[in-house]
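Here is a colleague's note to read beside the model. Please keep the sequence and the 3D view open as you go through the points.

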Amino acid sequence: MFFYLLAYLFLALIRMIIKPVMDLYLTTVQEVISTIRIFYITRGKSVDVKLSSGDERAQMIMEKFDLVKMI
């Protein structure tokens with residue numbers, strides 16, 4: 001029950017932050033976030049990290065939270 005509530009609060013917080021940009025339902029926020037993919041590209045000893053999503057709403061969320069810098 002605790003983890004369910006924690007996940008719900010996390011989604012509600014994300015929705016509250018992105019509401020000025022786009023108004024989505026909680027279930028839609030979850031669906032959009034699930035389309036974001038992280039890729040690790042290795043070249044020798046160096047590792048590059050890339051984020052990708054085919055959904056425009058997910059692109060806006062990645063920009064709003066500046067996810068590239070968080071990784």
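1. Start with the terms. Helices (H or I, at least four residues) and strands (E, at least two) are DSSP runs, numbered from the N terminus. By that naming, Ser 52 sits in strand E2, residues 46-52. Keep in mind that this is a predicted model.

2. Stay with Ser 52. Is Ser 52 buried, exposed or partly exposed? Its relative accessible area is 32%, so Ser 52 is partly exposed. Leave aside the neighbours within four places in sequence, and Ser 52 is in contact with Thr 35, Ile 36, Arg 37 and Phe 39. Met 62 is 10 residues away from Ser 52 in sequence. In space the two are 9.2 Å apart, C-alpha to C-alpha.

3. Now look at strand E1, residues 37-43, where Ile 41 is placed. Ile 41 has a relative accessible area of 32%, so Ile 41 is partly exposed. Not counting residues up to four places away in sequence, Ile 41 touches Ser 46, Val 47, Asp 48 and Lys 50. Ile 41 and Gly 54 are 13 residues apart in sequence. Their C-alpha atoms are 19 Å apart in space.

4. Between E1 and E2 there is a loop, and Gly 44 is in it. How does Gly 44 count, buried or exposed? The relative accessible area of Gly 44 is 78%, and the cut-off for exposed is over 50%, so Gly 44 is exposed. Gly 44 and Met 60 are 16 residues apart in sequence and 32 Å apart in space, C-alpha to C-alpha.

5. Another loop lies between E2 and H3, and Asp 55 is found there. Why does Asp 55 count as buried? Its relative accessible area is 19%, and buried means under 20%, so Asp 55 falls in that class. Asp 55 touches Val 32 and Thr 35, with residues up to four places away in sequence not counted.

6. Next, the helix pairs. H1 and helix H2 (residues 26-33) pack with their axes 10 Å apart, at an angle of about 90°. That angle makes H1 roughly perpendicular to H2. On the H1 side, the contact is made by Tyr 8, Leu 11, Ala 12, Ile 14, Arg 15 and Ile 18. On the H2 side, it is made by Leu 26, Val 29, Gln 30 and Ile 33. By class, this contact of H1 with H2 has eight nonpolar residues, one polar and one charged.

7. How do H1 and H3 cross? Their axes come within 11 Å and cross at roughly 90°. H1 and H3 are therefore roughly perpendicular to each other. H1 brings Ile 14, Ile 17 and Ile 18 to the contact, and H3 brings Ile 61, Lys 64 and Phe 65. Five residues of the contact of H1 with H3 are nonpolar, none is polar and one is charged.

8. The remaining pair here is H2 and H3. These helices pack at an angle of about 85°, with their axes 9 Å apart. That makes H2 roughly perpendicular to H3. Thr 28, Val 32 and Ile 33 in H2 meet Arg 57, Ala 58 and Ile 61 in H3. The contact of H2 with H3 divides into four nonpolar residues, one polar and one charged.

9. Then the pocket. The largest pocket holds about 190 Å³ of space. Which residues line the largest pocket? They are Phe 10, Leu 13, Ile 14, Ile 17, Ile 33, Ile 36, Ile 61, Phe 65 and Leu 67. Helix H1 (2-18) and helix H3 (56-65) each supply at least two residues of this lining. H1 gives the largest share, four residues. The lining has nine nonpolar residues, with no polar and no charged ones.

10. Finish with a backbone detail. Asp 66 is not a glycine, although it has a positive phi of about 50°. Asp 66 lies in the loop between H3 and helix H4 (67-70). With 34% relative accessibility, Asp 66 counts as partly exposed.

Note on methods:
Residues numbered from 1 in each chain as written. Predicted model: local features only at pLDDT ≥ 70, side-chain atom pairs only at ≥ 80, totals over all residues. Heavy atoms only, no water. 1 Å grid on protein atoms, 1.4 Å probe; cavity = no way out; pocket = protein on both sides within 12 Å on 5 of 7 lines; lining within 4 Å. Points joined across faces, edges and corners; volume = space filled by probe spheres on them. Nonpolar A, V, L, I, M, F, W, Y, C, P; charged D, E, K, R; others polar. Buried < 20%, exposed > 50% of the residue type's maximum accessible area, 1.4 Å probe, protein only. Axes fitted to C-alpha atoms, helices over the stretch in contact; angles between N-to-C directions. Parallel < 35°, antiparallel > 145°, perpendicular 65-115°, else oblique. Contact = heavy atoms within 4.5 Å.
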